[in-house]
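Subject: Structure handover

Hi,

Here is the structure for you to look at. My notes come after it.

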Amino acid sequence: MSDRAEQLHTAADEQIAELIGLLSGADEDALHRPCPGRERLGDGSIGAIAAHTAMNYQRIGAFVATGQGRSSRHDHRQQPRRRIPGFLRALGHAPPAHNPAGAHQNEHGGFTAETDPSEIPERLTCARDDLTRIAELTDEQLDRVPAKDSFRFCDGERTLEQVLLGLLKHQEHQVQALRAALTRAR
């Protein structure tokens, strides 16, 4: 375990804890209100942005679980990985164009108000559990460079630590937008 990995895990865990707290105090009416500045994600509602954010945490957890040992510096012959890991595909997850349950996603992969708001805290709790793997990363793993395009922010040059920092920064922006929208909704 690495101090750097522990800091990354703590940041993710605090974000998710805040988001669960924000959502637990929100009623269904609040979740259907618009989330200013996020109109292009799903239907632009607070609930849709929360669902999108929860799914991104789940994707980050899956990325860490499936990508810990991979590096573009160490194996140039590896095949590019799919954006959605195989075990998630087996559970019915697929890219937006191939998702048979597409009623909950728009053409950009965002979620709509049809997403059951009661599922969001459960998704966040699962993602929180998955993200504990971040704390298990070693300094060597954090210093590896994930294969280009293997996940968001993976450009073949950024280290795993830099990718995770970028992902968590992006997620923090979503949490801030939700915090502001839910504060206005109350």
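Predicted model: local features only at pLDDT ≥ 70, side-chain atom pairs only at ≥ 80, totals over all residues.

Core. The largest nonpolar core has 40 residues. The members that touch the most others are Leu-23, Ile-46, Tyr-57, Leu-124, Leu-137 and Leu-164. H7 supplies the largest share, with 11 residues. As general background, nonpolar side chains in soluble globular proteins tend to be buried together.

Helix pair. H1 and H5 pack with their axes 10 Å apart, at an angle of about 165°. Angles over 145 degrees count as roughly antiparallel, so that is how H1 and H5 run relative to each other. Their crossing is left-handed. On the H1 side, the contact uses Asp-13, Ile-16, Ala-17, Leu-19, Ile-20 and Leu-23. H5 brings Ile-120, Leu-124, Thr-125, Ala-127 and Arg-128. By class, that contact has 8 nonpolar, 1 polar and 2 charged residues. Leu-23 and Leu-124 are in this contact, and both are also among the core members with the most neighbours in the core.

Loop. Asp-149 sits in the loop between H6 (139-143) and H7. Phe-153 is in the loop between H6 and H7 too. Phe-153 is partly exposed, at 26% relative accessible area.

Best regards

Key: Residues numbered from 1 in each chain as written. Heavy atoms only, no water. Core = buried A, V, L, I, M, F, W, Y, C linked by side-chain atoms within 4.5 Å. Buried < 20%, exposed > 50% of the residue type's maximum accessible area, 1.4 Å probe, protein only. Helix = DSSP H or I, 4+ residues; strand = E, 2+ residues; numbered from the N terminus. Axes fitted to C-alpha atoms, helices over the stretch in contact; angles between N-to-C directions. Parallel < 35°, antiparallel > 145°, perpendicular 65-115°, else oblique. Left-handed = near helix turned anticlockwise from the far one by under 90°. Contact = heavy atoms within 4.5 Å. Nonpolar A, V, L, I, M, F, W, Y, C, P; charged D, E, K, R; others polar.
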